[in-house]
Amino acid sequence: MTEQPFETVGETRGGRWLVTCDHATNIVPSCVNGGSLGLSPADMARHIAWDPGAAGVARALAERLDATLVLSRFSRLVIDPNRGEDDPTLVMRLYDGTVIPANRAIGEAELDRRIRTFWRPYHGEVARLAARRSDTVLLAIHSFTPQLKGRPPRPWQIGILHGADDRLARPLIARLRAEDDLGGLCVGENEPYGGHLPGDSVDRHAEAFGRPNVLIELRNDVIAAPADQVAWGARLAPILEAALAETGA
């Protein structure tokens with residue numbers, strides 16, 4: 001029996017926010033190559049397999065925002081829910097200098113099976129929950145590594161990603177940049193990644209429907225401990241609420 005590809009938390013909560021965590025876990029379900037992609041435990045603990053700390057922040061934010069939360073239950077190396085079905089990086093064969101043995105020679109049949117088993121059910125659940133009300137606001141939570149191999153260190157503790165619909169991102173960035181009680185908060189706009197990709201989660205569930213949205217990237221060293229994840233949730237929730245109120249959406 002295949003493991004559940006998503007976890008839904010707080011479905012009966014009354015808030016309009018829908019929080020997602022696409023890369024919540026580094027689990028390789030047993031139906032995928034016997035539960036191993038051929039990587040060491042150390043590699044599976046790295047950012048290449050999941051977004052460390054992101055799930056804890058997402059849980060804390062969802063609770064404070066009275067929001068429903070959807071988390072993936074499979075590693076991004078099994079298949080990446082933050083990519084479109086036709087994206088060539090949907091299943092990574094090489095990531096940040098590490099070859100993924102079980103993905104190197106993946107064929108069309110196995111790719112299609114992973115799409116049907118994991119990718120589509122996860123997105124089906126997000127779509128179902130987003131469609132429950134007409135004023136849904138999508139909040140996607142991710143984390144990023146402080147430094148990719150051979151690249152410069154990343155200075156941002158937090159990055160706010162947006163596409164053409166920046167009505168929520170703009171006031172959020174302004175409010176975060178005005179905040180300095182943690183000391184020298186470095187806020188990136190579309191950093192360390194730029195905007196949204198066609199077919200990615202925010203594009204699919206928010207941009208395509210005109211829903212207010214924002215994607216938050218937190219550097220994973222600042223959310224390494226559970227207490228840090230809770231603290232960031234407590235810090236960001238009122239700022240998000242204030243930014244949303246400012247939009248009038």
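Mentor: Phenylalanine 74 and tyrosine 122 are both buried. Bear in mind that this is a predicted model.

Trainee: How many aromatic pairs does the structure hold?

Mentor: The count is two aromatic pairs. In one, the ring centres of phenylalanine 74 and phenylalanine 118 are 5.4 Å apart, with the planes at 45 degrees.

Trainee: Why is that pair called tilted?

Mentor: Look at the planes. Stacked needs under 30 degrees and edge-to-face needs over 60. The angle here is 45 degrees, so the pair is tilted.

Trainee: What makes this pair a tie between separate parts of the chain?

Mentor: Phenylalanine 74 sits in the loop between β3 and β4 (94–95), and phenylalanine 118 in helix α3 (residues 108–130). The pair therefore ties together parts 44 residues apart in sequence. Both phenylalanine 74 and phenylalanine 118 are buried.

Trainee: What is the geometry of the pair of phenylalanine 74 and tyrosine 122?

Mentor: The centres are 6.3 Å apart and the planes meet at 90 degrees. The cut-off for a pair is 6.5 Å, and edge-to-face means over 60 degrees. So this pair is edge-to-face. It links the loop between β3 and β4 to helix α3, 48 residues apart. Ring pairs join Phe74, Phe118 and Tyr122 into a cluster.

Trainee: Now strand β3. How do you know whether it is enclosed or open?

Mentor: Count the buried residues. Five of the five in β3 (residues 68–72) are buried, so the rest of the structure largely encloses the strand. Both faces are covered: Thr68, Val70 and Ser72 on one side, Leu69 and Leu71 on the other.

Trainee: Which strands pair with β3, and in what sense?

Mentor: Strand β1 (residues 6–9) pairs with β3 in the antiparallel sense, over four bridges. Phenylalanine 6 has serine 72 of β3 as its bridge partner. Strand β2 (residues 17–21) pairs with β3 in the parallel sense, over four bridges. There, valine 19 stands opposite leucine 69.

Trainee: Which residues have the most contacts inside the largest nonpolar core?

Mentor: They are Leu139, Ile158, Ile160, Ile216 and Leu240, in a core of 39 residues. At least two residues come from each of β2, α2 (54–64), β3, β6 (137–144), β7, α4, β9 (213–219) and α6 (226–247). Helix α6 gives the most, with seven residues. Isoleucine 216 has contacts, beyond four places in sequence, that include Leu139, Ile158, Ile160, Leu172, Leu236 and Leu240. Apart from this core lies another, of 33 residues, with Ala49, Val70, Trp119 and Leu161 among them.

Trainee: Why does aspartate 165 count as buried?

Mentor: Buried means under 20% relative accessible area. Aspartate 165 is at 15%, so it qualifies. It lies in the loop between β7 (158–161) and α4 (169–178). A 3.0 Å polar contact joins its side chain to that of arginine 167. Setting aside residues up to four places away, aspartate 165 touches Glu207, Arg211, Pro212 and Asn213.

Trainee: How do you know whether each is buried or partly exposed?

Mentor: The cut-off for buried is under 20%, and for exposed over 50%. Aspartate 66 is at 37%, so it is partly exposed. Aspartate 96 is at 15%, so it is buried.

Trainee: What makes the peptide bond from glutamate 191 to proline 192 stand out?

Mentor: Omega is near 5 degrees, and the bond is cis. Most peptide bonds are trans. Proline 192 is in the loop between β8 (187–189) and α5 (201–205).

Trainee: Last point. How many disulfides does a search of the whole structure find?

Mentor: It finds zero. A disulfide would need two cysteine sulfur atoms within 2.5 Å. Cysteine 31 has a relative accessible area of 25%, so it is partly exposed. Cysteine 186 is at 25% and is therefore partly exposed.

How values were computed: Residues numbered from 1 in each chain as written. Predicted model: local features only at pLDDT ≥ 70, side-chain atom pairs only at ≥ 80, totals over all residues. Heavy atoms only, no water. Buried < 20%, exposed > 50% of the residue type's maximum accessible area, 1.4 Å probe, protein only. Pairing = 2+ DSSP bridges. Polar contact = N/O pair within 3.5 Å; in protein donor to acceptor, adjacent residues only side chain to side chain. Contact = heavy atoms within 4.5 Å. Core = buried A, V, L, I, M, F, W, Y, C linked by side-chain atoms within 4.5 Å. Phe/Tyr/Trp six-rings, centres within 6.5 Å; stacked < 30°, edge-to-face > 60°.
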